[in-house]
Amino acid sequence: MSNCARGDMSGGPHIALFPSAGMGHLMPYLRLATVLLDRCCRITLITPCPTITTAEAVAISSFLSTYPEPLHTPNPPHVVLRKPTPLCRHIRPFCRLAGCPDPNRSPPPAVHSIHDLRKVSTFNSSSPKALIRPIKTESILFRRQLPGLTSIACLRASHRHSLALDHRRLAPTTADRKSRELTSKGDYKTWLESQPVDSVVYVCFGSKAPMGVAQIQELGKGLVGSGFRFLWALKMKISLVDEYDDHDEETKSENVRELLGDSVWHENGRRGMVMKSWVDQDEVLASSSIGGFVSHCGWNSVTEAMWAGVPVLAWPHRGDQRVNAQVVEESGLGVWMKEWGMGTRSGLVNGEEIGEKIGEFMRDENLRERARKIGEEARKAVDAGGSSHETITKVLKSL
Ligand code: UDP
Ligand code: UDP
């Protein structure tokens with residue numbers, strides 16, 4: 001339920017949201033947008049067009065259809081860019097479409113921007129713990145380009161309070177659309193619903209494909225060997241990033257079967273499900289059948305697991321994922337397999353070991369209880385008076 005009366009945009013600032021490309025960046029921005037809209041802000045979403053992946057396009061159109069004009073802004077709410085180029089080049093088209101006067105003439109109305117760290121940002125869509133290097137802010141450049149456009153300095157605040165953004169409002173919107181499209185192809189939802197409580201381990205390494213083929217095969221053996229049920233969102237190739245509209249389902253099925261071997265494939269639809277395409281992770285994690293999550297620890301995945309109160313077996317690959325795995329361990333959300341590589345340069349983890357660890361992890365009821373408590377804390381953080389709620393209030397007041 002929105003706190004903001006329909007059409008009442010008088011109170012809040014106009015904020016341009018400018019995520020980097022990729023689902024891992026877009027999703028937290030869409031979640032932030034729902035929170036800001038709820039606080040009577042006017043939102044302009046700036047994204048490349050076409051998007052790099054189908055998943056992004058679907059998420060954006062689903063978002064826009066859930067928040068139609070004039071609820072958000074009388075101006076076009078969605079500015080499209082032809083390709084991801086430096087931020088400053090986008091200011092002029094953004095201004096034109098968002099209805100600002102020419103920046104070279106009279107002072108434009110105040111428009112605030114939140115953009116991604118990749119362009120040196122002020123809204124950080126990754127863990128605050130990952131911010132170990134000094135942050136320069138691009139707002140000076142931004143101001144020079146367009147005097148009325150300022151960046152939101154919420155970075156310091158996010159150091160203190162990790163912005164546990166409210167997934168509740170967006171989840172049904174993108175989830176519904178995705179699920180309708182998916183069920184005809186791989187009915188993992190029906191399968192998941194029919195499994196006992198906490199019995200299924202969910203395996204997903206984000207929107208990209210970080211593993212080598214040999215490691216994928218060992219993981220398959222490990223899942224079968226663990227004795228637990230499993231739902232595996234398997235990304236096989238970089239080119240399949242974020243895709244879930246499989247045109248060539250049959251051919252890919254054959255490839256996956258060949259890759260994983262019959263022992264894994266024969267479990268498909270019985271004790272396990274292997275999804276080659278996009279699954280709705282938010283919804284999967286919310287299912288009572290899911291008892292654990294084997295994750296690469298992208299920051300979105302970590303916050304989604306926290307929100308769902310699902311324990312994580314952290315198998316990070318690169319960049320900030322190791323820092324996020326440390327957060328998983330220190331917060332009590334899960335265990336971090338520090339010595340496991342990804343079967344590329346760093347050596348192969350064999351199936352037997354994977355199976356044992358997954359078995360141990362899934363049987364750990366204390367861990368599950370701790371994860372549940374973290375889920376409760378996450379909810380408190382976004383409710384009125386909670387730390388995340390208060391952080392947003394402070395940021396908006398400062399505008
Ligand atoms: N995701 C999903 N289905 C998939 C794969 C990924 O819904 O099959 C979502 C996941 O819920 C998360 C995002 O894609 O919101 C991935 O972001 P994350 O930061 O976890 O990892 P990245 O892909 O950026 O490495
Ligand atoms: N990064 C970050 N916050 C962001 C975007 C990127 O901290 O909002 C850092 C992070 O450390 C990450 C690196 O930039 O490891 C590369 O980003 P990412 O892995 O998301 O790039 P991608 O491959 O998804 O484009």
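At roughly what angle do the axes of α1 and helix α2 (residues 54–66) cross? They cross at roughly 10 degrees and come within 10 Å of each other. This is a predicted model, and its protein chain is assigned domain 1 (3–66) and domain 2 (186–240 + 247–382).

- Two packed helices are described by the angle between their axes and the distance between the axes.
- Angles under 35 degrees count as roughly parallel, and α1 and α2 are therefore roughly parallel to each other.
- On the α1 side, Met23, Leu26, Met27 and Leu30 make the contact, and they meet Ala55, Glu56, Ala59 and Phe63 of α2.
- Sorted by class, this contact of α1 with α2 has seven nonpolar residues, one charged residue and no polar ones.

**Around ligand 1**
- Both domain 1 and domain 2 give residues to the shell around ligand 1, so the ligand lies between them.
- There are 18 residues around ligand 1, and Gly24, Gly206, Gln281, Gly298 and Ser301 come nearest.
- At least two shell residues come from each of α1, α11 (281–286) and α12 (299–308).
- With four residues, α12 gives the most to this shell.

Definitions and conventions: Residues are numbered from 1 along each chain as its sequence is written. Chains are lettered from A and ligands numbered from 1 in the order in which they are written. This is a predicted model: local features need pLDDT of at least 70, side-chain atom pairs count only at pLDDT 80 or more; totals for chains, interfaces and linings use all residues. Domain bounds come from an automatic or database domain assignment. A residue is near a molecule or strand if its C-beta atom, placed from the backbone, lies within 6 Å of it. Axes are lines fitted to C-alpha atoms, for helices over the stretch in contact, and angles run from 0 to 180 degrees between N-to-C directions. Angles under 35 degrees count as roughly parallel, over 145 as roughly antiparallel, 65 to 115 as roughly perpendicular and the rest as oblique. Two residues are in contact if their C-beta atoms, placed from the backbone, lie within 7 Å. Ala, Val, Leu, Ile, Met, Phe, Trp, Tyr, Cys and Pro count as nonpolar, Asp, Glu, Lys and Arg as charged, and the others, Gly among them, as polar.
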